[in-house]
Amino acid sequence: MNIQTKKRFLASLLLFSLFCLKAETLSEDHQILLSSDAFHRGDFASAQKGYMNLYKQTNKVVYAKEAAISAASLGDIKTAMHLAMLYQKITNNRNDVSINKILVDGYAQMGQIDKAIELLHKIRKEEKTIATDNVLGTLYLTQKRLDKAFPLLNKFYNQVHDEDSLEKLITIYFLQNRKKEGLDLLQSHIDRYGCSEQLCQKALNTFTQFNELDLAKTTFARLYEKNPIVQNAQFYIGVLILLKEFDKAQQIAELFPFDRRLLLDLYTAQKKFAQASKQASLIYQEKKDPKFLGLEAIYHYESLSAKNKKLTKQEMLPIIQKLEQATKERQQILAKTKDKEDAQDAFFYNFLGYSLIDYDLDIKRGMDFVRKALALDSGSVLYLDSLAWGYYKLGNCLEAKKIFSSIAKESIQAEPELKEHNKIIQECKK
């Protein structure tokens with residue numbers, strides 16, 4: 001232990017020993033030392049308690065003032081105001097800046113904004129700082145006295161360029177229907193100073209709200225190019241997705257360790273099903289979530305059928321096997337978690353069931369899967385079509401026709417496969 005460390009240790013030990021003694025046994029100087037030390041360490045509760053003990057023992061009102069400041073720092077505004085008013089009553093001093101600041105906070109929190117503003121003007125005569133201007137401007141803003149709020153907040157922002165005052169200025173612009181000036185200021189700030197995650201998200205929401213996606217793209221593109229970090233990439237990608245520029249979004253996403261599901265969605269949006277299948281496979285291997293095994297199979301099917309050809313049985317068999325494995329693993333998980341099946345489960349059941357039916361692999365089993373899908377979504381015309389197709393394959397044309405009679409003609413005409421199945425079933429003589 002070096003000499004400096006020893007000194008710090010001994011000083012801390014001394015303070016600890018002093019705190020262990022009753023306040024009454026300590027001298028006034030020692031209590032002041034302890035209370036002051038507590039305050040500067042951020043232990044405002046101990047500081048307040050110490051100064052209150054000093055005030056009770058000595059009846060010196062200066063300790064009530066210090067206790068008020070400690071209480072305000074602690075966030076106990078009720079106690080702070082009580083002590084501040086006590087100080088004013090005893091001293092008849094209405095000009096103490098520290099006390100008046102406490103009262104301003106108290107009045108503001110109680111909604112007595114006019115009182116807080118009046119007192120702030122008094123404080124500004126003694127202490128004219130940009131921080132005081134910021135508080136006063138904020139109070140004017142709460143009253144929507146925009147003509148008074150703007151110059152004060154604008155002056156503060158131009159010196160500190162913080163995000164809080166920026167948001168207040170933009171709020172004023174929007175309240176005054178000066179949308180362009182507000183958006184220009186927002187873009188200018190991000191160009192010069194960047195943005196925290198919170199401000200970036202608010203900016204994106206604002207650009208989207210006003211349908212200014214091109215402005216958002218310019219803003220976040222420059223931010224990303226200037227500082228290509230994960231956060232900036234994330235917001236730029238978000239804008240590109242809103243603009244449906246999926247290819248560009250994909251190129252950026254591939255440079256960063258984002259959740260693989262983002263790339264999966266981008267590949268799917270572009271109908272890049274081979275890449276989507278591989279991505280789903282990687283997610284399944286990492287997370288062991290059988291839904292992604294199912295998606296791997298579906299996207300593999302989509303990639304093979306992209307040439308508008310019907311797959312052979314040999315091509316379908318591994319797809320069907322993966323879907324069967326996915327549904328089996330999903331049932332095992334649901335049995336443990338007690339969760340319920342959802343729309344995606346229904347989709348997998350129908351796809352698996354229809355495949356078994358259409359390829360004459362196991363028609364009755366396939367129909368059982370389709371019925372599971374219908375149990376989750378009884379109104380799906382696609383699932384009804386699958387069940388009708390199963391009856392047709394079994395030679396039960398009457399039941400197949402009955403199911404199709406429950407489907408709206410508009411729905412049948414809108415889906416080429418349904419239209420084709422309906423024609424075949426209606427012509428069925430079995």
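**Exercise 1. Decide whether Arg124 is buried or exposed.**

*Solution.* Start with the number: Arg124 has a relative accessibility of 18%. Next, bring in the cut-off: buried means under 20% relative accessible area. Arg124 therefore counts as buried. Keep in mind, here and below, that you are working with a predicted model.

Now place the residue. Arg124 lies in helix α7, which covers residues 113-126. Finally, look at its surroundings: once neighbours within four places in sequence are set aside, Arg124 is in contact with Thr132, Asp133, Leu136 and Leu152.

**Exercise 2. Work out how the buried residues of helix α21 are arranged around its axis.**

*Solution.* Begin with the helix itself. Helix α21 runs over residues 363-376, which makes 14 residues. From first C-alpha to last it reaches 20 Å, close to the 20 Å expected at 1.5 Å a residue.

Then list what is buried: Ile363, Gly366, Met367, Phe369, Val370, Ala373 and Leu374. Looking down the axis of α21, you will find these buried residues within an arc of 160°, so they line one face of the helix.

**Exercise 3. Find the disulfides in the structure and describe each one.**

*Solution.* A search of the whole structure gives 2 disulfides. Take them one by one.

- Cys195 and Cys200 form a disulfide with their sulfur atoms 1.9 Å apart. The torsion about the S-S bond of Cys195 and Cys200 is about 65°, so this disulfide is right-handed. Both Cys195 and Cys200 are buried.
- Cys397 and Cys428 form a disulfide with their sulfur atoms 1.6 Å apart.

To finish, number the bonded cysteines of the protein chain in sequence order and read off the pairing: 1-2, 3-4.

How values were computed
Residues are numbered from 1 along each chain as its sequence is written. This is a predicted model: local features need pLDDT of at least 70, side-chain atom pairs count only at pLDDT 80 or more; totals for chains, interfaces and linings use all residues. Side-chain values use heavy atoms; hydrogens and water are left out. Helices (H or I, at least four residues) and strands (E, at least two) are DSSP runs, numbered from the N terminus. The expected span of a helix is 1.5 Å times one less than its number of residues. Buried means under 20% relative accessible area, exposed over 50%, partly exposed in between (1.4 Å probe, protein chains only). The arc is that of the directions from the helix axis to the C-beta atoms. Contact means heavy atoms within 4.5 Å. A disulfide is a pair of cysteine sulfur atoms within 2.5 Å.
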